[in-house]
Amino acid sequence: MTARKSYAEQRTVDLGFGVWSVPVPIPGNPLGYTLVYAIESPRGPVLVDAGWNHPDAWAALRDGLAAAGMDVAEVHGVVVTHFHPDHAGLAGQVREASGAWVAMHEADAAIVDLMNGVSPDARRSFQADMLRRAGAPDEDVPGDSDGARPQPPAPADRRLRDGDLADLPGRKLRVVHTPGHTPGHVCLHLEDADRLFTGDHVLPGITPHIGIYPLDRDDVDPLGDFLESLDKVGELGELGALPAHEWIFHDVAARAAQIRHHHEEKLERLLASLADRAEPQTIWEVAAMMTWNRPWPELPPMLRGLAAGEAAAHLRTLEARGALRRLPGGDPVRFQALES
Ligand SMILES: [Zn+2]
Ligand SMILES: [Zn+2]
């Protein structure tokens, strides 16, 4: 078992098949860094992800590429695995420095367009209403001054779909749509090297956050999508994984099966504890009874919000499988286990 190393111990590494890994720090985040990958091509390097939008991260990306003998001004394109700021954050700055295209799955590109079109105030009040409908007490609803959010990522110039080949002259980089962590998350299969860039979809030591937004939505099933996406990458065979965090590992399929098992167990436990309660439960109550890496009362409001997102995603999957129901017209919304 490899242990996660700090950012300070990370270096640019030549992986040996025309691909370099470049660690880019995520300031103030326990994840430490994003692994940006640079693929050599005759038209200039193509990056998989770009890193967090911060001057230190920009310097690390520029210097890390230079250590690989690449100039950031020569980047041909950036394929973003998903719209999160630790992946898409710097894509706009790379484009400005080099004229590179920025490509993203069409579903995440649409979210980025939405984010760029909504004022921070409108976003905050939408968020507060949503948290109340999920049963959050006042102290868990962020006020006006809390939590400066990062700038939305720059809009994509190219929209990707499942099965597309990225514009990477001389090589084969195929888009594998893996919704779940975000609706437009993609893995990228470097077919000529039997490697899969896994983004946040499959990580060696942790599992990605799977939430649902808004929390009380009943027309999508992100966790159900995620579990299917795990099977989908499993079916690609025994590929080497190039993840966006932690460390490079062998056999994506084995790890994907492990993560699937983890969520199936969590779903079972959740259903059992709901079946124990006589009263229907709000999303917040369900989140409080699940197991997190810290006891519920010790989780700060931001992390409670993420936990509630996970709880809501698991509830929605159980609902889609016919194991529980939501009470009609509830505000806050409540869930009840069905007799099996
Ligand atoms: Zn992410
Ligand atoms: Zn990430």
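Which residue in β5 does Leu47 stand opposite? Leu47 faces Val78. The model is predicted. Its protein chain has nine helices and 14 strands.

**Overall dimensions**

- A compact globule of 340 residues would have a radius of gyration near 20 Å, and the protein chain agrees because its own value is 20 Å.
- Along the principal axes, the C-alpha atoms fill a box of roughly 65 × 45 × 35 Å.
- Of the 340 residues in the protein chain, 41% are buried.
- Among contacts with a separation of 6 or more, 66% join residues 24 or more positions apart.

**The seven-stranded sheet**

- Seven strands make up an open sheet with mixed pairing.
- Their order is β1-β2-β3-β4-β5-β6-β7.
- The edges are β1 (13–14) and β7 (158–160), each of which pairs on one side only.
- Strands β4 (residues 46–48) and β5 (residues 77–79) pair in the parallel sense.
- Three bridges connect β4 and β5.
- In general, strands of a sheet pair through backbone hydrogen bonds, either parallel or antiparallel.

**Helix against sheet**

- Helix α4 (residues 106–117) lies across β6 (101–105) and β7.
- The helix runs at about 110° to β6.

**Helix against helix**

- Helix α7 (residues 252–275) packs with helix α9 (residues 301–320).
- Their axes are 10 Å apart and meet at an angle of about 80°.
- Angles of 65 to 115 degrees count as roughly perpendicular, so α7 and α9 are roughly perpendicular to each other.
- On the α7 side, Lys266, Leu267, Leu270 and Leu271 make the contact.
- On the α9 side, His314, Thr317 and Leu318 make the contact.
- By class, the contact of α7 with α9 has four nonpolar, two polar and one charged residues.

**Val46, a buried residue of β4**

- Val46 sits in strand β4.
- A residue is buried if 20 or more other C-beta atoms lie within 10 Å of its own; Val46 has 26 such neighbours and therefore counts as buried.
- Leaving aside neighbours within four places in sequence, Val46 is in contact with Ile39, Ser41, His76, Gly77, Val79, Ala166 and Leu168.
- Val46 and Ala100 are 54 residues apart in sequence.
- In space, Val46 and Ala100 are 8.7 Å apart, C-alpha to C-alpha.

Technical notes: Residues are numbered from 1 along each chain as its sequence is written. Chains are lettered from A and ligands numbered from 1 in the order in which they are written. This is a predicted model: local features need pLDDT of at least 70, side-chain atom pairs count only at pLDDT 80 or more; totals for chains, interfaces and linings use all residues. Two strands pair if DSSP finds at least two bridges between them. Helices (H or I, at least four residues) and strands (E, at least two) are DSSP runs, numbered from the N terminus. Two residues are in contact if their C-beta atoms, placed from the backbone, lie within 7 Å. Axes are lines fitted to C-alpha atoms, for helices over the stretch in contact, and angles run from 0 to 180 degrees between N-to-C directions. Angles under 35 degrees count as roughly parallel, over 145 as roughly antiparallel, 65 to 115 as roughly perpendicular and the rest as oblique. Ala, Val, Leu, Ile, Met, Phe, Trp, Tyr, Cys and Pro count as nonpolar, Asp, Glu, Lys and Arg as charged, and the others, Gly among them, as polar. The radius of gyration is taken over C-alpha atoms; the globule rule is 2.2 Å times the number of residues to the power 0.38. A residue is buried if 20 or more other C-beta atoms lie within 10 Å of its own, exposed if 12 or fewer, and partly exposed in between; C-beta atoms are placed from the backbone.
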